[in-house]
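Open the model in your viewer and keep the selection tool ready. This tour moves from stop to stop and says what to select at each one.

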Amino acid sequence: MNSYHIFYFPFKWENKKMKDRLFAEQTDLSAIPVNPYANWLRNPGPLNETEKEQLYNEKNFFYEFVHPVLYDNGGKDSIIYHYERQEPQQRDVSYIISVKDKTYQLKVEAINLNLYVTGVGTLIFYLANHLKNQWEPDDILKINQYGRRIFPPFYADIEGRSETANYIQIKGLNGDPTLYKEDFSSYEIHPETWKPACFIKNLILDLSEDIEITPAIDDRMFVNCWYGNNSLANFFKNDDETLEHFFLDKKETNDFWYKYIYVDVSSPSCTNEDMRKSLLKSQTNKRWQKEGTLFGMSRYSFVCLTEESWIPKNIVAVHMRTMYSRIVELILVQRASRLRFSDEVTRQVSTLPKRKGLEPLVLEHVNSLHKEYIRFLNQIHFSEVTAQDQGIELYNLLYETLSIEKHIKELDEEIAELDQYINLIDDKIRNKNAEILNYIAIIFLPASLFYAFFNIGCEPYTNLKILLIGIGGLTLSLIMFLLLKIFKNK
């Protein structure tokens, strides 16, 4: 194995039966009706000694307070519901990517589905490249580029296929094979936007038909890739430690590093040399450069290049698909959750004019949203997740690359503005209730004074006199009420 590819599909999900409920009820994981006959198992745990070792190392890598969002505790109150597809543990399953000049076949080692209490999820494909005729640099670039596309990015590509594969198929799963093969031709007949490939949709529907999904990024899955190549690694290894000139010298080699990070194929998507050098310097972690190992990141990739020796294959590659893969998951969940909360704020604001007379219901919805947002800040969003230097560097670089802090600040402002508006509504309700009480007091004040003036409780009165006093008091109250109405209308 000379390369390993992980594709992440982050998405926003909604439970069809909970759409009009409070946000906490909409995102209640225990309320999702799961198909009991689905080929998904929730939180099955390590299957062998290797997985036990890897899980132990993972948990020791992360702070304990981060564990609840990374690992399903198996209960109804878990922040994450973790599901694993059964077939890759039972037989050979392949991820097939057909492009114009070649068909690639990768071994599916696992397909995981994670659902979170913020109303987002990630579908993850773990793919091993064992075929030697798929190990050239161009092969790696094409696997990453075409394997991640989940719908055509623009209409002309439905036929042109410059960015989209001829088809993507997951072969070896139970059920109808056509459910897990997407040739993208249906997009020309039914050009729906933001509709993910059928194999994405059907895998999630296998778990529950009541889940509706929307991609949280765009037409691409996020790519995590480890690649072992001696010639490339040796070039970087023997270059100057500062890497000041390598991004501009030896164009063919350096074009690969840019295309590898930014998931390009034919040519780099940045043709200005100074800009390319600046981007690569800021997006490259070179801690282990002298060992022939480089890490690179972009908004839709986290990649690693190493030598083909034992340590890179058995240590670095394992880290990429375990600890570092968890870092990617966490960052993507934070980003998707931010978008989910932002959507909910927009929804609440857009429906406010239609809810006249339903102010208490509006308050209840916004309070539920605010409560879940605070939960997100405390249990899912972290500025640091590990004490390991390498982990801190990679997490910070990915955190900055995806602008998580900036997006959280923007969301804070959106939530604050919504709260401010809701507080105005709350004050309006309070003032209205106080006004009603004042009216009642003012209306009955004349009657009270009238009764007090005649000292009705101090001497015996005939029924007629009591009746006249009552009529007089009520008449004064009615006059006061009419005067209040007249002055208020003026």
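Begin with the cysteines. A search of the whole structure finds zero disulfides, a disulfide being a pair of cysteine sulfur atoms within 2.5 Å. Cysteine 225 is buried, at 0% relative accessibility. Cysteine 198 is buried as well, at 17%. Here buried means under 20% relative accessible area, exposed means over 50%, and partly exposed is in between (1.4 Å probe, protein chains only).

A word on what is on screen. This is a predicted model, in which local features need pLDDT of at least 70 and side-chain atom pairs count only at pLDDT 80 or more, while totals for chains, interfaces and linings use all residues. Residues are numbered from 1 along each chain as its sequence is written, and side-chain values use heavy atoms, with hydrogens and water left out.

Next, the charged pairs. The structure holds 23 salt bridges. Each one is a side-chain nitrogen of Lys or Arg within 4 Å of a carboxyl oxygen of Asp or Glu.

Select lysine 12 and aspartate 343. They form a salt bridge, with the closest N and O atoms 2.7 Å apart. Lysine 12 sits in strand E1 (residues 3-15) and aspartate 343 in helix H12 (residues 323-351), so the pair links distant parts of the chain, 331 residues apart. Helices (H or I, at least four residues) and strands (E, at least two) are DSSP runs, numbered from the N terminus. Lysine 12 is buried at 16%, whereas aspartate 343 is partly exposed at 37%.

Now go to aspartate 72 and arginine 42. Their side chains meet in a salt bridge (2.7 Å, N to O). Aspartate 72 is in the loop between helix H3 (67-70) and strand E3 (80-85), and arginine 42 is in strand E2 (residues 40-42), so the pair ties together parts 30 residues apart in sequence. Aspartate 72 is buried at 8%. Arginine 42 is partly exposed at 27%.

Then select lysine 142 and aspartate 101. This salt bridge spans 2.8 Å, N to O. Lysine 142 belongs to helix H4 (residues 137-148), and aspartate 101 to the loop between strand E4 (94-98) and strand E5 (103-116). Lysine 142 is buried at 18%, but aspartate 101 is exposed at 56%.

One more charged stop: Glu14, Arg340, Glu344 and Arg347. Salt bridges link them in a network.

Last, select helix H10 (residues 273-283). Which of its residues are buried? They are Arg276, Leu280 and Gln283. These cover an arc of only 75 degrees around the axis, which puts them on the same side of H10. The arc is that of the directions from the helix axis to the C-beta atoms. An α-helix has 3.6 residues a turn, so residues three or four places apart point the same way.Stay at the start of H10, where a side-chain oxygen of asparagine 272 reaches to within 3.1 Å of the backbone nitrogen of aspartate 274.

Technical notes
Polar contact = N/O pair within 3.5 Å; in protein donor to acceptor, adjacent residues only side chain to side chain.
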